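Let's walk through this model together, starting with a pair of helices and moving on to charged side chains.

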Amino acid sequence: MPEEIRAAVDWAVADPTTHVIIVEGAGKGFCGGYDLAATAQSVIDHPCQQEAYPWDPMLDYSAMRRFTDSFMSLWRSPKPTIAKVHGHAVAGGSDIAMCCDLLVMATDARIGYMPTRVWGCPTTAMWAFRLGPLRAKQMLFTGDTLSGQQAADWGLANMAVPAAELEAATMRLAARIAGVPRGQLAMHKMVVNQTMQHMGLEHAQTLATLFDGITRHNPEGMWFRRYAQQHGFKAAVQWRDGGENIPEGDDARARIRELEMAGK
């Protein structure tokens, strides 16, 4: 899907009749993130889930950077982008939403990055730039999610409306923007984006994308993977999000050995 997002953005940018781009999910939610249920509980060898030892960090980085750059096509687009969020925009789905310029959410929608607890680091690094350091740290340290209403109250979302009004509210905002010449919109977006770049956005994304690979291959990340392979991804996620202490260091290594022996 990341490459399809980039292709859709390229198409909209090339269309002279398009002034603003709206991104929405077609199913029960905006986006639940990468489809990890099958891969995390399987023994596969993938650049982002390497079974070979030692782990190759740059192989992982190259793959994840392509995903990040595809999401960032929404941010780099000279045309404004609006994320219209219903249901969940979580994990990688929150990356997509926050790469958009504006965020309109249903009040009962949820946004967050739960894998910050273990086995993940948001590669787009947008939390600090969208929320500021204090609240970004709270979200990253806890892996909690925000409702659409909370996101609006915190300044993460531009507005939150009842789900029944989400379509109309988003279209009103898009129509208002569409009345502005494309060149004018592109200049204003470039000014704000350049400010974020000078604040270190690209540097933060490089670090976050490297760290994301580390979180999936360090002792804690390997424990999570082995637990998912032995007990299923759903059980691993329940441990991760349920508040139970996540094994770390030597404890994680010991549990990995136990799980690997049990799986033989």
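**Helix packing and salt bridges**

Helices α12 and α13 are oblique to each other, a word used for angles that are not under 35 degrees (roughly parallel), over 145 (roughly antiparallel) or 65 to 115 (roughly perpendicular). Before going further, please note that this is a predicted model, in which local features need pLDDT of at least 70, side-chain atom pairs count only at pLDDT 80 or more, and totals for chains, interfaces and linings use all residues. Residues are numbered from 1 along each chain as its sequence is written, and side-chain values use heavy atoms, with hydrogens and water left out.

Back to the two helices: α12 covers residues 219-231 and α13 residues 233-241, and they pack at an angle of about 135° with their axes 6 Å apart. Axes here are lines fitted to C-alpha atoms, for helices over the stretch in contact, and angles run from 0 to 180 degrees between N-to-C directions. Helices (H or I, at least four residues) and strands (E, at least two) are DSSP runs, numbered from the N terminus.

Which residues of α12 meet α13? They are Trp223, Phe224, Tyr227, Ala228 and His231, and their partners in α13 are Phe233, Ala235, Ala236, Val237, Trp239 and Arg240, where contact means heavy atoms within 4.5 Å.

Now for the charges. A salt bridge is a side-chain nitrogen of Lys or Arg within 4 Å of a carboxyl oxygen of Asp or Glu, and by this rule the model has twelve. One of them joins Arg226 and Glu51 at 2.9 Å, N to O. Arg226 belongs to helix α12, while Glu51 sits in the loop between α2 (37-40) and α3 (57-71), 175 residues apart. Arg226 is buried at 12% relative accessible area, whereas Glu51 is partly exposed at 25%; buried means under 20%, exposed over 50% and partly exposed in between (1.4 Å probe, protein chains only). Both residues also belong to a salt-bridge network with Arg225 and Glu260.

Another bridge ties Glu167 to Lys84, with the closest N and O atoms 2.0 Å apart. Glu167 lies in helix α9 (residues 166-178) and Lys84 in strand β2 (residues 81-85), so this pair connects parts that are 83 residues apart in sequence. Glu167 is partly exposed at 41% relative accessibility, but Lys84 is buried at 8%.
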